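Try each task before reading its solution.

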Amino acid sequence: MRIVKDGDTTKVYIRQSWLKDAMMCNERGRYNMLPDYKGWSKPNELSAIGTSVHAAIEHDLTNLNVPIDEAVDVGLTTFHRISTDEAEPMRWVKYNDSQSRHYVEALYRKWAEFIRPQVRGQIIGVEQPFEFPLYSMSILDGERIDVYGEGTIDLITTEQLWDWKTASRKYNEKEKQESDVQSMMYVAAAAEMGLTSLPAKFNFGVMVRGGATQIVTVDRDKSHIMWLNRIIRPLVRQALTIGTEDSWTVNDTHFLCNSTWCPFWSVCRGAYQS
């Protein structure tokens, strides 16, 4: 969440990645807003694998008839850059360098073989950035609050919306349909930009470490966007009325509440318990 004062109006910008963090644990969302902790969410090899596969796919989609080996090289070069960046050292949590490089190549090749052929329509945008109004409201003294969604859609064609995922296992399709906020945000953005109409479908192209691929398609309509706003509204009110200096509610029962997966562990629960 970014909060920007613009004259008599306060503008609040929400990314789906921040929203997922805040839904998982309010306090994690708060830490992600604080300037002093901006550098704490360092990449690990799992996120670097995903970023590198995205780079290979982007090269594939933006260069006509690109050789697969060329796109693989782009992915591997991206992983090397991230993993050797001394300014932002990467954390190793599961795989070593050789294993990680293997997954970058294998997952992109799986995408090229099984998912790329399912892309239909003419390409409109690859890694398409967006910013669009979600809703407006007033708090306390009547000050106007404008709330925006922002982010990047992996692929927009004349017929489809796509996001690429690297994962340890296949997705639960029912769970994605019922509760995924990323697809709600991205369909709302595409509709606002006039690139789709509601109701719409959103596709996740999933590459599973271990060899499988999966396409998960969810349906989104106006009711999902209304629910998205309902989820966001109390978080915005909390940020603007309580502020970010004091702690927000913690969810210490979540399976990611530990020193490996939460970058803020040492200043949160880890400051009390080892």
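**Exercise 1: a pocket and its lining**

Helix 2 (residues 26-33) gives the largest share of the lining of the second largest pocket, namely 3 residues. The model is a predicted one.

Task: Describe the second largest pocket by volume, central residues and lining class.

Solution: 
- Start with the space: the second largest pocket holds about 290 Å³.
- Next, find the lining. It has 19 residues, and C25, V250, C257, C268 and R269 are the closest to the pocket centre.
- Then sort the lining by class: 12 residues are nonpolar, 3 are polar and 4 are charged.

**Exercise 2: a hairpin**

Task: State the sense in which strand 1 and strand 2 pair, and over how many bridges. Then find the bridge partner of K5 and the phi of G7.

Solution: 
- Take the strands: strand 1 covers residues 2-6 and strand 2 covers residues 9-15.
- They pair in the antiparallel sense, over 5 bridges.
- Now pick K5. Its bridge partner in strand 2 is T10.
- Finish at the turn. The hairpin has 2 residues between its strands, and G7 takes a positive phi near 65°.

**Exercise 3: two helices**

Task: Classify the packing of helix 1 against helix 7 by angle and by handedness.

Solution: 
- Locate the pair: helix 1 spans residues 16-24, and helix 7 spans residues 181-192.
- Read the geometry. Their axes lie 9 Å apart, at an angle of about 150°.
- Apply the cut-off: angles over 145 degrees count as roughly antiparallel.
- Helix 1 and helix 7 are therefore roughly antiparallel to each other.

Methods:
Residues numbered from 1 in each chain as written. Predicted model: local features only at pLDDT ≥ 70, side-chain atom pairs only at ≥ 80, totals over all residues. Heavy atoms only, no water. 1 Å grid on protein atoms, 1.4 Å probe; cavity = no way out; pocket = protein on both sides within 12 Å on 5 of 7 lines; lining within 4 Å. Points joined across faces, edges and corners; volume = space filled by probe spheres on them. Helix = DSSP H or I, 4+ residues; strand = E, 2+ residues; numbered from the N terminus. Nonpolar A, V, L, I, M, F, W, Y, C, P; charged D, E, K, R; others polar. Pairing = 2+ DSSP bridges. Axes fitted to C-alpha atoms, helices over the stretch in contact; angles between N-to-C directions. Parallel < 35°, antiparallel > 145°, perpendicular 65-115°, else oblique. Left-handed = near helix turned anticlockwise from the far one by under 90°.
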